[in-house]
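Here are my notes on the model you sent over. Have it open while you go through them.

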Amino acid sequence: MPGSIFNFWNLRCSTFGNLAFAAFIIAVVSGIPLSIAYDVERASDSLQLILLTSQSAVFFRSLHYWSGQAFLLFTLIHVIEHLSKNSERGLKEGLWLRLVLALLFAFFVMVSGFILKADVEGRMARQILSGLLEIIPMVGTELRIAVLGNADSLKLIYIHHLITTTLFIGIVIIEHMRRAWPELLSYVYLLGVSAMLAVLIPQGLQLSGAAKIRGPWYFMGLQELLHWIPNPLVVMVLLTGGLLIFLLLRWMKGAGSGWTKKGLFVLLVVYGVLTINNWGFRDANWNSLFF
Amino acid sequence: MNHTLKPVLLTRKSFLKITAILLSVYPLKLFYDVSRTRPGTGTQKQQVLTMDLPEGISFHTDIIAWREKDKTVFFAARCPHLGCQINRFENERLICPCHGSQFSMAGKVLEGPAVRDLTELSFAADAARRQYTVFLPN
């Protein structure tokens, strides 16, 4: 049933893989003018300056933002499509490992962009990520330094955002799709929609203290988990366990694979419910209308 | 017709692999340098505040001050849960904006997810200059 829904879409529009690829390229290209104006040592000031003085900077930043969101969204749908068709079993083991790593990097490239805003939300996001990495036994501190660098500088995050993760994702996409460019139609769709959203909903900065830090939409469920589970290490164990189960799907067969996918889908739905609760039903004191 | 295949020295895939490995050298070198130049070790951070603090709770970037009559207490503004900066005071409660932990004016945990109280900070008072020097944790 889910497979037929994807087939229905694919016959009438670009595939989700092509759309994700097109969104990735638009995000990379729109990021180039921003990276020229962005000063990592005075991140907030340099961003405020270009956003206040240049309309084109506002447009490019919003285009970068919306195409980035589209990239993550279509990548996730593409993954669900693959899993619903069991096509992960046809992938070579090495490529599957790289794809799972690239998926992890996709989340990182998104959240690093969020941190690089260097506004109140960005600083808090960095602090949460830093706290989560730091809590990992034995390797936590080294991992935090490897991912986030020095506490007082955005330099390493900037390099990871611009080069390390982006390059890795790009290479893996090309290897996976076996082509250097997505379909032209995907560009047309993505550029049109992203540009329209950039004009209609331009992205600003949160400069004053927010009553409640929401975080990006894909981490709102995580924020809920961190609210409910007092020990962040437990949350990290749950996330790592989920990632490992996802990684092992490639080698699972028959009913075991089917039930595992159903289980992961249920977890995804639960995460979605937590996200909606965090997004729409929590007040500034974190009281929820539901639970 | 001659159908003999030319031997391929470098395929596109192997070229990409070699390029990726070569390009990973730079971030690794950078990481090595960054991790060896960690600032802030060995010197204790401190912040100077005026003695003319308002009654009750006031926020000073990394510090929360609580003044009541002749008593003044300073807390680290970092939430003991994941380190977010506490910046909200409502209904006699300090509230963390990240995950909703709540603390009393005395820094005690009232609601989780935080399980530890706010860190009370040591300070030195200079009556002549009418200022406090508050020592922050590294």
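1. What does the secondary structure of chain B come to? One helix and ten strands, where helices (H or I, at least four residues) and strands (E, at least two) are DSSP runs numbered from the N terminus. Along the sequence, chain B reads α-β-β-β-β-β-β-β-β-β-β.

2. A word on conventions. This is a predicted model, so local features need pLDDT of at least 70 and side-chain atom pairs count only at pLDDT 80 or more, while totals for chains, interfaces and linings use all residues. Residues are numbered from 1 along each chain as its sequence is written, and chains are lettered from A and ligands numbered from 1 in the order in which they are written.

3. Chain B has 138 residues, and 23% of them count as buried (20 or more other C-beta atoms within 10 Å of a residue's own; exposed is 12 or fewer, partly exposed is in between, and C-beta atoms are placed from the backbone). Taking the contacts in chain B with a separation of 6 or more, 38% come from residues 24 or more positions apart; a contact here is two C-beta atoms, placed from the backbone, within 7 Å.

4. Now the A–B contact: 31 residues come from chain A and 25 from chain B. On the chain B side, helix H1 (12-36) and strand E5 (88-90) each supply at least two residues, and H1(B) has the largest share, with nine. By class, that side has 15 nonpolar, six polar and four charged residues. Nonpolar covers Ala, Val, Leu, Ile, Met, Phe, Trp, Tyr, Cys and Pro, charged covers Asp, Glu, Lys and Arg, and the others, Gly among them, are polar.

5. Chain A splits into domain 1 (2-210) and domain 2 (211-291), with bounds from an automatic or database domain assignment. Their C-alpha centres are 20 Å apart, and 20 residues of domain 1 are in contact with 15 of domain 2. On the domain 1 side, helix H4 (55-84), H5 and helix H6 (120-134) of chain A each give at least two residues, with the largest share, seven, from H5(A). That side divides into 15 nonpolar, one polar and four charged residues.

6. Neighbours within four places in sequence aside, A:Ile169 is in contact with A:Phe24, A:Ala102, A:Phe105, A:Ala106 and A:Val109.
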